[in-house]
Amino acid sequence: MAEAAVRYLNAQAASETPAAELVPMDGYHLDNRILKARGLLARKGAPETFDASGFCNAIRRLQSTEKELFFPLFDRQLDLSIANAIAIHQETPIIVVEGNYLLLNSDPWKSLANVYSATIFVSPTLEVLENRLIQRWIEHGFDSAAALKRAKMNDLPNAELVINNSVDADLTLSQNDH
């Protein structure tokens with residue numbers, strides 16, 4: 001949805017400078033070697049498996065428009081973050097920040113509350129989310145049983161954490177269908 005919003009905004013722009021850019025939180029996944037050493041590889045995607053402080057510091061830097069800024073991008077095929085893969089032009093007026101934990105009411109996430117101009121929370125039902133997650137893991141090569149286990153043991157607890165511990169967004173988009 002965030003990618004679609006950025007594409008739409010840029011299609012409307014009359015300037016060579018992008019009207020909008022996307023900064024996804026996923027670029028701040030900790031490397032698998034670090035996660036493995038800390039016993040967190042099976043929990044990859046949980047809040048503690050991100051460089052949350054680094055992400056929050058980087059997002060705060062967006063408030064300054066003095067120079068071009070660079071952000072990492074997570075490559076799902078390679079299962080790793082690629083440093084400086086996203087360039088944000090200093091004159092780009094709209095930055096869409098996307099991620100699961102952006103509205104968590106805990107440190108360091110809550111330190112971003114005064115940075116956002118507007119917030120949107122996409123809220124499918126847990127049943128819809130479970131179906132989407134299982135399909136996602138199957139598309140990444142997991143068999144049905146492994147995909148279900150991954151969704152139930154990691155992704156859905158993370159979703160429940162977000163639902164139960166996030167501040168209210170300016171706009172909540174409820175989704176009840178697939």
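Q: What percentage of the 178 residues of the protein count as buried?

A: Burial is read from relative accessible area: buried means under 20%, exposed over 50%, and partly exposed in between, with a 1.4 Å probe and protein chains only. Here, 37% of the 178 residues count as buried. This is a predicted model, in which local features need pLDDT of at least 70 and side-chain atom pairs count only at pLDDT 80 or more, while totals for chains, interfaces and linings use all residues. Residues are numbered from 1 along each chain as its sequence is written, and side-chain values use heavy atoms, with hydrogens and water left out.

Q: How many helices and strands does the protein have?

A: Helices (H or I, at least four residues) and strands (E, at least two) are DSSP runs, numbered from the N terminus. The protein contains 5 helices and 6 strands, in the order α-β-α-α-β-β-β-β-α-α-β from the N terminus on. The radius of gyration is 17 Å, close to the 16 Å given by the globule rule for 178 residues, so the protein is as compact as a globular protein of that length. That radius is taken over C-alpha atoms, and the rule is 2.2 Å times the number of residues to the power 0.38.

Q: What share of the contacts with a separation of 6 or more comes from residues 24 or more positions apart?

A: A contact means heavy atoms within 4.5 Å. In this protein, residues 24 or more positions apart account for 64% of the contacts with a separation of 6 or more.

Q: Which residues of the largest nonpolar core touch the most other members?

A: A nonpolar core is a set of buried Ala, Val, Leu, Ile, Met, Phe, Trp, Tyr and Cys residues joined through side-chain atoms within 4.5 Å. The largest one has 24 residues, of which Met25, Phe55, Ile59, Phe71, Tyr101, Trp109 and Leu112 touch the most other members. Two or more residues of this core come from each of α3 (52-61), β2 (69-75) and β3 (80-88), and α3 provides the largest share, 5 residues. Apart from this core lies another, of 8 residues, including Leu129, Leu133, Ile134 and Ala147.

Q: Where does Ile59 lie, and which residues does it touch beyond those up to four places away in sequence?

A: Ile59 belongs to helix α3 and counts as buried, at 1% relative accessibility. Not counting residues up to four places away in sequence, Ile59 touches Val23, Val97, Leu112 and Val115.

Q: Which residues does a cis peptide bond join?

A: The angle to inspect is omega, which is about -5° for the cis peptide bond between Asp107 and Pro108. Pro108 is in the loop between β4 (94-98) and β5 (120-124).

Q: What is the phi of Asp79, and what is that of Asn84?

A: Asp79 is not a glycine, yet its phi is positive, about 60°. Asp79 is placed in the loop between β2 and β3 and counts as partly exposed, at 31% relative accessibility. Asn84, also not a glycine, has a positive phi of about 55°. Asn84 lies in strand β3 and is exposed, with a relative accessible area of 53%.
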